[in-house]
Every structure is written in structure tokens, then in C-alpha cells.
Amino acid sequence: MKRRILLYLLLTVSVLSGCEEQNDWAGNGLSDSSIVVEGMITSETEYQTVYLTKVSTIPGITPEVVSGAGVLVSSPDELYEFTEDPEQPGTYRSKIRFAGKQLRTYTLLINHNNNVITAKATMPVGREFVFLRYVKHGSTGLFRLVWVANTYNANRLAMYEVLLDWSMVDGYKHLPYEETHARLLYYTLPTLDVNQVFAPSSEMVLFPPGTHITEKRYSITESHAAFLRALLSETNWQGGLFNVASANLPTNLSNNARGYFSACAVTTKTDIARTILPLSKGNN
Amino acid sequence: MKLLFRTIFVTALLLASVGMLHAQHLNQKISVEFNNVPLEEVLRELSRQSGILFSYNAASLPLDRKIVYRASEKNIETILDEILKPLNIARIQREQQVILKPSKAMKEENATAAVQKYTLSGFLRDEKTGEALIGANVYDKSSYTGTTTNAYGFFSITLAEGHYDITFSLLGYAATSLALNLNSNRSLNIKLNETGIDMKAVEIKGGQDEKEITAGNAGEVRLTAAALKRMAGFAGNIDVIRSLQAVPGINTFGDGSSFYYVRGGNNDQNLMLIDEAPIFNPAHLFGFFSALAPDAIKDVRAFKGDFPASYGGRLSSVIDIRARDGNINRPGFSGNLGIYTSDLTVEGPIQKEKSSFILSARKSNLNWLNSEEIFNKSITIDFYDLNAKFNIRINDKNRLFLTGFTGRDEFSRITGSSVNTFGISWNNTTGTIRWNHLFSNRLFSNTTAVFSQYNYYLYISREQDDYWLSSVRNRTLKTDFTFYMNPANTIRAGAEISGNHSNPGNVHFSDEDTQKSAPVIPEYNSMGLSVYLSNDQMIGDRLLLRYGLRLSSWRNTGPATVYFYDAAYQVIDTVTVSKGSYFTPYYRPEPRLSLSWRIGRESTLTAGYTRTAQYLQMLSNSTSPFTSLEVWAPSGPNIRPQTADQFTACFLTRFNGNPVQLSVETFYKKFHNQIDYKDHANMLYNPFIEGELRFGTARSYGVELLLKKSSGKLAGWLGYAYTRILKTMEDLNNGLEFPAIYDRPHSLFTNLTWKAASFVDISASWFYMSGSAYTSPTGFMSFNGYTVPVYGARNNSRLPDYHRMDVSISFRLNKPENRYKHNIVLSFYNLYAHKNPFAFAFNKIMNDKGEFVVPSDLDGSYEVIPTSISVAGLIPALNYTFRF
């Protein structure tokens, strides 16, 4: 029996696995000088934020920031000035806390070395949602998420942000921040993709009972959904067996800038992870 | 050149000896003995002994024909008659010389105005199985006038009244000759004996005589079942596509893929026919296996250029697979037991010599992969195919073939981090009825009715029965006529009408609310009509002219919803077409022309021009080597028919006395109305899918070399191709030309088969291709926790070069004379386990187990590791094959 399993294992390893390995990709010697804009106006009353960075030549490194830019966000009856956070260069926060309004269109204006970048975004209506589900992961005593949102719905487009914080749970209190917090994103899009259905395996995030769970639903427009679909196509869905042609992300920014400016209504729910499970299905 | 020299030499010798000839008499007596001596040497010896000079055209006489003859003190005239008459060589004495000519030529020269002609026709079949033999040569030995059998084994040749020595030959079969006096129309049923690899005669004879007939069909490749069996397939299975990969000009995508690209054409520009029925996805397990059970294959013809006018509908290639008819003489079975697949074929006569059947079934043995114990994930991989064929000889003039094929694939996966089982499933179903009818011994017809259906499922959740389904259905009625007017002209004509239905993909959700909100994608209905006329015309004995015209048309039919787009690809109008209405008709003439000029006895120079049109195309922006998205859409208001103009030139030569052939082919191809896709095109479940398309042109060009040795203990070939394919799309890549992803400039192939011992056959293949083009990042940007590649020009880089070696060793377990034949086949795909990446990824991190995964926690930094993804390492296989 063991021999048979070994044989199967060998054959299968030959066919299906061991097929991804580190690659000494050293770039192709080209560079890109465009500015990357990441801006979102939310319906939450807070200091709204716009991030400006540059394209880097190596993946995964902290990108060079864009400092000294002038950033303004306006709506038909309001104007908000943003200033650069001196402790976080490249991060521009609104001078005052404010909440974006649903169905209102916001205009972003960035001036960096007389290079003017603009974009418009309309905030769609926020919606209620069904809270996520999690299950116990094997015999570890930890939890993992099993469902956050349906990946397809032509009418209820959304991005879901799940914030997990177990820094206050006994046994984890003295661990570094990155070992007690996690931020995960999920999406409901009006599209289906093969590389989405057969996406490559993703990192499994486990969290202990007592974890504070915050789930935020960001309502998005169709064009924002198209941007997010392209983003996922280049990230979460890329690198499997069913890739599609690679391409740059679309943008609503002018003047060859990259990134996206959006306005999203936010709905939030929170919970604390409990050992009484809301779902038995899929519990292994 | 050699021929010219030989002629000059003979003539010079003749002139120098003028004065001597008077002294010679044809009635002088000599003694000679020839034992398998070529005719040329016989004439030389007779000339030496008698002093008589012979004059002849070396190209028109069978000078290499072996003579066995003995004469003691016979006069020259008698000796010449006894040697030359069976060879249909006539002689005349003109003053100082004896002129030798083929009898027929002599007859023509001496003939009066009217010469009575008769037709020799019939079928050529395998002696044991009764299978029709395709592409066999039928020719008169003395004049080299001949023809070849068609796809049903039929031949017809019309000759002047007289004595002929007709030879029937086919590679892998013992040639047979028949001397006959053609003084009336004759109908023959000839049977040839296979000289198979299982028999004692281990050397596969190359058919030395065939070379005299075949003028070198540029761009055509032919593989018989015997040839396929000798090649190393995947996992011990005969594999048509993988075998054709070893032909210059045909490239596959890579490991595990059934996609193939011919002379710069896209994958969907290839037409694959099984008994004349189109197969839309000829793959199992995403492409690791071909769709047809190995034992069901009889013959494969692949055209990569110079298509006959009878073929149409695709721009770049036609692979015409003929399934076996079934043994009409005795029942039998054959099969294969393997680790990955098993198959069984049963065949036999229904009524001996009148009708037969063949049933083939294949099933995968891969369910052991469904093991969480081993993989920590559950994978279901399963496929099967069934092939059934009935062959009914109604009478001497009518024959019926019924063919059915169905194949299905299932793949699903559930991972530890998901609750839904995702899956892909596809199935092909075809049915064909063919009716052969002989109107006369010179007019052959075949009428075919075809039904073909292809369904492709993408399961979003098998548990909830949520899936996306696309399909394409085809019904075709066609008739083809072949008129063997005379040895110099073979006229073909035909007509074809087809109805097509295509569902570009709609979803089924079990949840009613979701289903209600889901858009409905309009389906396509269309109709094609084409007619063709062509002629293969021999001009003199050196020039073969093949010319023809195919007229094709296409129109769409209601009910339909048609979206019209503006210059920015936004919908500006929607038109609803009622049932029964026609719209957007297209008409395309497709001229075909090919000129073959025989240089001497061993070489041929061919030049050709082919225009092809394609009205049905697969829309997919996938760069995966696997079958992953299948949307077939017809030409219509937004998609104009694709066309291609191909110019070819080919030089083919055989080295005298050796079974070695060299061909050099070059081509230039211009593609029009080519389809590409906007960035991140939404090709799945999109009502406005046609708005995602971008149009332009493409051009490909290349040189292909093939050195082939077709007989001997060691046989095989060496091929090289240099091919470029470049696209220009107005709205992509800033309108600049860019290479297609399947642009692989250099390809090198070798295939060797070696009869190592009487019971051991070894086959080895080595493949090399330049890396395919891909779009590599010029940088990376951070956005909301993601690391996102930034790209420059389209397809600006190349993946590493591809190479692999396949080896298979077959051990015969039975004695050659046994009826039950069985073998053990040990094969290795990718023997030295070279990893051939088909993609690079720039989005992976390494988890605690050392696996590359996509990061989920986007809070904070993570180290992205560039990775390369390949499909397969070394894949060993052990198969037991049997035949009774």
C-alpha cells in the first residue's frame, strides 16, 4: 500500500506539482516615471487620505514617495485641501475630517512640479450586507474565513475589507503588530473570470478566538469594479494555470498617472470571533 | 544535371560510333546472364557485347528496374524482345541506332487520330482487415502514368488501349504489380499486405517506386497509423497533435497543451476533422491527451499550406483524421492498459466482406488523484471518449459509413481554503453519415451529413450547480465529386451548406435572485454556403498544375440581438432581428493555385498561392496552455471574416539510391481582419463581448527544412523552422507592430525510430523552440496593499527556450507469427525533466510550508518573489498494448 502511494505520489508530483519555482528575474532594464495615485473618499467621517508614490523597478520594495504635491478634493459645493503628513511622506490627508456624501461627485486635483493630475469619482449608495463566516481550522483551535461575499453579483458591486485584531487575546499580547493584525480584501464584481475561478492558492490567515473582526463594505461603481477586476487579474488571479494576457491597469486619472481615485459609501459591522460557530458546513 | 549529362554522354557515344553500327546486326548471337541487374546496366552490357548503341530518354524508362534473365547463344533481337516487352518498352531501329521508348509513347507517336481509351478503376484495401487504403499509388510502371487512391481507397485511371504493368504501392505495405491488357473498362479490387513492425521484415520499405509519382505536395504532411505508433506519444498513447509537433511549421504551445500553431496562425485557425466532422476541442485533460482513441485512427493528413479547394473554413491548417472502418473479414480486438488511461477497441464484420463495425472506448485512470491524503486538496480528473463506426458496402457502386464520436472531460477542485468546488467540463459529440457513390468508373462522389456539438462548462460551484455554459453546434451537408477525366486531369467539385448555432456563454445560478439579475447573452445563429471546383492537371510529364476556386459565403440568421459600437467601442445601437431574417451576408472567393515542376527523377520544385477565409472564431484572451475559455462567435456586423493570403515555395529532393528526402519550404502569409483583445478584456459572460475585440492585420513568414529517412532499421527526421508572426492592431500597443505570444522564431525537431532488435522498437524525439513572447513588467506599483506590475510594450520579452526529449521503448511479447500480439511500452515524456515555463508571476510570497502563494494579508509589507510556472517534469508511463 505504501509503495503504491509512493508511486502515485511520484507520478503526480511529476505531472502536477513542483512546477513553480523562484525565478531570477532581473527586470528588463526599462523604467517608468509615472506617479501612482491611490485616493479614496469614504462616507466615514475621518481624515480622508490620498497616497502618492512612484513606480519601482523591483517588486515588493517600499516605493519611492512623491512629496511636495498640492492636493485638493472638491465637490460641487465643497473644497477640501490636503496636506502631506510630515511623518509619512507621500501621504496626503485632508486638513479637516469630513464624510463623503452618497451620489455626490468628487474631483481630485494634484499638482506636482506643475504636472497636473485630475480625476472624478461619484459615490454610489451604500448597502447593508451579510456578515462574514468563519470556521475552525482543523485541530489548531484557530479560525479561518470561509465566506465573505459572493464573488459575482451584477447589481451589488462592492469591496469588502476585513480587519482582524487579536492583539488583546491572551498569549498574543506581546507579539509585534504584524503578527496580531491582518487586513484582507474581498470583492463582489459584475464579472466572471476563469482565472478568478481557478485562482492560485492564497495565503491562509488564521486567527484565535477573541479576535476583533471588523468588516467594512465599500460600495463601488462599475468603472471602479472594472479597475478592481484588472487589479485582481494582475495580482490575486495571476500566476495560476489559467492566466490571461497581462496589461496595465485602467485608470480614471489624467496626465499618464497610474492608480485610481474613488468614492465609496462604507457600511461597517464588527464581531468577536467565538468558538460557537455560525456555520458547520465546511468545518474540517 | 545528372540526367542532362547522361543524355549528352549517350548521344556523344552514339555519334562517335556511327560508322561502326552498319557492321552490327540484330541477329548476331550472344550469351548473357543477369541476376537482379538494373536495366541500365543490362543495356550497357548488351551494347558492350554486341556493339549496338541504344538511345533513350533516361527519365522515361525504368532504368533501375532489376532484371533476372539468362540467354545462351540467342540473337540480340530475341534477347531485347524478351527483356523489353514485359517492361512495355518498344524499340525501333533508325539507321545507326536502336531507339528505346515506352510502348505507350511509341504508340502515341505512331497512332492514327483516334486512340481508344479505357478506364481502370477500383478500390485498394488491406488484405487482412479490408480497410480502405488512402493515398496509395497506382501507376503504370513503364510510363509512370498514375494516380493515388482517395480517402475511401478509390482510384481511377484512364489509359489508351494496350498492355500495362500496373503497380499498387503504399508505404508500409508490400507493393504488388499486375500485368494486364487494357482493352475494355476494368474494375479491380486490389488488396495489399502490410509489412508491419510486428512482422519479420523489420525494415519498413520506403516504396522506392512512389517517388516517381508524387510530385511533392508542398505544405502537406501525412501520418499513417503505423507511423504514429512508432512515434513517442504522451504517456504511451498515440498522439496526433504531439506527433505533428515534430513537423516544421507546426508548433504546440508547450507541455500539456493541445494548442498548436501553424505558420503563424492562431490556434482557432486550425480545422480538425474526424471523418469529416469538425472537432472544436481535440483535447483531454486540458491537452495532455488527444481526443480520439489511438486504435481508432487510420490516417492523418495535415495541410499547412496549399490547401486543396475542397477544404475551407479555417485560415491556417487542416488536419484530416480518418478513423478505421473496422475489420471486414474477421472479428478482433485491441487495446491498451496504462497508468493514466486505458482503452479498448472491438471490431469485426457484421456480414463478411459486406459490412463491418468498430467500437473504441477510452477512459482515464486518474481518479486516484482525488486524494486529500496525498494532496491536502481534492481534485477530480476524469475523461472518456467513445468512437463507433459502421461501414456498409451496399453494392459495387454504393457504400455507407456511419460514424459517432463523443468525449467528455471533467475537472474539479476544492482546496483547503474554499467551500465551493470549482470545475471545468467539456464534451464533444459528433455524428457523420457518408455515402460513397460511383456514378461511373471515372466519377466518384461522396455525400456527407455531419452533426457536431461542443459544450463547455465552467462550474462556479458544483455544490450549488452554478455554472457558465458556452456551446457551438454545427450541422453540415456536403457533397464532393471527383472526376478522373484522364491521367492528366482530375477534376474535383463540391458544395457545402452548414448551419451553426453558438452560445457565447450564459450562466445558471441556483439562487433565483442572482439568476434574475444576471444578464442574458445573445446567442448566434448563422449559415454558411460554399462551392468549389478544382483540377489537378499534368502538363507534359514534368509539370503538375493544381488550381481551383472555392466560393464561400456566410450570413447570420435571426432571432438575434445585435449591438453596434462606436469608434470608442461603446454600444450606440441595438437591433433585434426576428426569426427567419438574414443579415450581414459575406462572400469571399478563395483561389488556390499550385505549380509543381519535376526536376529530373528525384526533385520537385513547387510554388503556390492560397487564399483562405474563416467565418467562425474562438474569442479568448487566455495565455494559458490549457483549454480554459471557449467562446465561438461567427462573423457578423462587428466581426468581419478573417482572410489570409499565403505564398509558398518548396523544393523537394530525394537522394538517388537512398531513402533520404530533403525538403525546403518557405512561405509568406498575410492575415486580414485579425482579432486581438483590449487590455483586461472581459471575455466571460459579457453581453458586449464584441466590444472587447480589437482588429488589425498580421503577417508571418518563415523557412522550413526537413531531412527525412523513411526506411531502414534507423529511420526518422530532422526538422528546423524559422518562423515569425507579427501583429498590428490600431488600438493596441500604440498601433505598433508586436509579436504574437506564439511567435517562436526558431524550432528544431528530431524524431528517430530504431529497430534495436526483432522484438524491440525504440523511439526518441527531441524538441526545441525559442521561448514564446510575453509582456514583462517594466516596474511595479503599490496600490492598497497590492504589488501591481507595470508594463511597457506588448510582448516585449521572451520566456526561456523550450526543449524536451521523449523516449519510448516497445517490447514485443509475442512471436511474430502469433495472431495475439502484445507489447509492453515504457515511455518517458520529458526524459531529462527540463522545466519549460509558460508564465512568470510577480505576485507570490512563500508560506510556512515553502509553497508559493498569493498574499492575503495586505496589512504591511511582504516580500514578493518572482516565480516561473511550468507544467510537467519527467512523466514516466508503462502501457500494455494488445491486439487480436
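Q: Is Thr584(B) buried, exposed or partly exposed, and how many C-beta neighbours does it have inside 10 Å?
A: Thr584(B) counts as partly exposed because it has 18 C-beta neighbours inside 10 Å. The cut-offs are 20 or more other C-beta atoms within 10 Å for buried, 12 or fewer for exposed, and partly exposed in between, with C-beta atoms placed from the backbone.

Q: What kind of model is this, and how is it numbered?
A: This is a predicted model, in which local features need pLDDT of at least 70 and side-chain atom pairs count only at pLDDT 80 or more, while totals for chains, interfaces and linings use all residues. Residues are numbered from 1 along each chain as its sequence is written, and chains are lettered from A and ligands numbered from 1 in the order in which they are written.

Q: Back to Thr584(B). What is its phi?
A: The phi of Thr584(B) is positive, about 50°, although this residue is not a glycine. Most residues other than glycine have a negative phi, and most peptide bonds are trans. Thr584(B) sits in strand E35 (residues 582-599) of chain B. Helices (H or I, at least four residues) and strands (E, at least two) are DSSP runs, numbered from the N terminus.

Q: Where is the cis peptide bond?
A: The peptide bond from Gly558(B) to Pro559(B) is cis, with omega near 5°. Pro559(B) belongs to the loop between strand E32 (543-557) and strand E33 (560-565) of chain B.

Q: How many helices and strands does chain B have?
A: Chain B has nine helices and 55 strands. Of its 884 residues, 48% are buried.

Q: Pick a helix. Which residues of H4 in chain B are buried?
A: In helix H4 (residues 76-84) of chain B, the buried residues are Ile76(B), Ile79(B), Leu80(B), Ile83(B) and Leu84(B). They line one face of H4(B), because seen down its axis they fall within an arc of 110°. That arc is taken over the directions from the helix axis to the C-beta atoms. An α-helix has 3.6 residues a turn, so residues three or four places apart point the same way.

Q: Now sheets. What is the strand order in the open sheet of four strands in chain B?
A: The order is E8-E7-E10-E11 (chain B), with antiparallel pairing (two strands pair if DSSP finds at least two bridges between them). Strand E8 (146-148) and strand E11 (176-182) of chain B are at the edges with a single partner strand each, so one side of each is left without a neighbour in the sheet. On average, neighbouring strands of this sheet are turned by 20° against each other, direction ignored. The axes are lines fitted to C-alpha atoms, for helices over the stretch in contact, and angles run from 0 to 180 degrees between N-to-C directions.

Q: How many bridges join E7 of chain B to E8(B)?
A: Three bridges join strand E7 (residues 137-140) of chain B to E8(B), and the two run antiparallel. Val138(B) is opposite Thr147(B) in E8(B).

Q: What about E55 of chain B, which pairs with E22?
A: Strand E55 (residues 875-883) of chain B pairs antiparallel with strand E22 (residues 332-338) of chain B over five bridges. There Ser334(B) has Arg883(B) as its bridge partner. E55(B) also pairs antiparallel with E51(B), over nine bridges.

Q: How many residues of chain A and chain B make the contact?
A: Chain B puts in 81 residues and chain A 74 residues (two residues are in contact if their C-beta atoms, placed from the backbone, lie within 7 Å). E52(B) gives the most to the side of chain B that touches chain A, with seven residues. By class, that side has 43 nonpolar, 31 polar and seven charged residues. Ala, Val, Leu, Ile, Met, Phe, Trp, Tyr, Cys and Pro count as nonpolar, Asp, Glu, Lys and Arg as charged, and the others, Gly among them, as polar.

Q: Which strand of chain A pairs with E54(B)?
A: Strand E1 (residues 20-22) of chain A pairs with E54(B), antiparallel, over three bridges. Gln22(A) has Thr867(B) as its bridge partner in E54(B).
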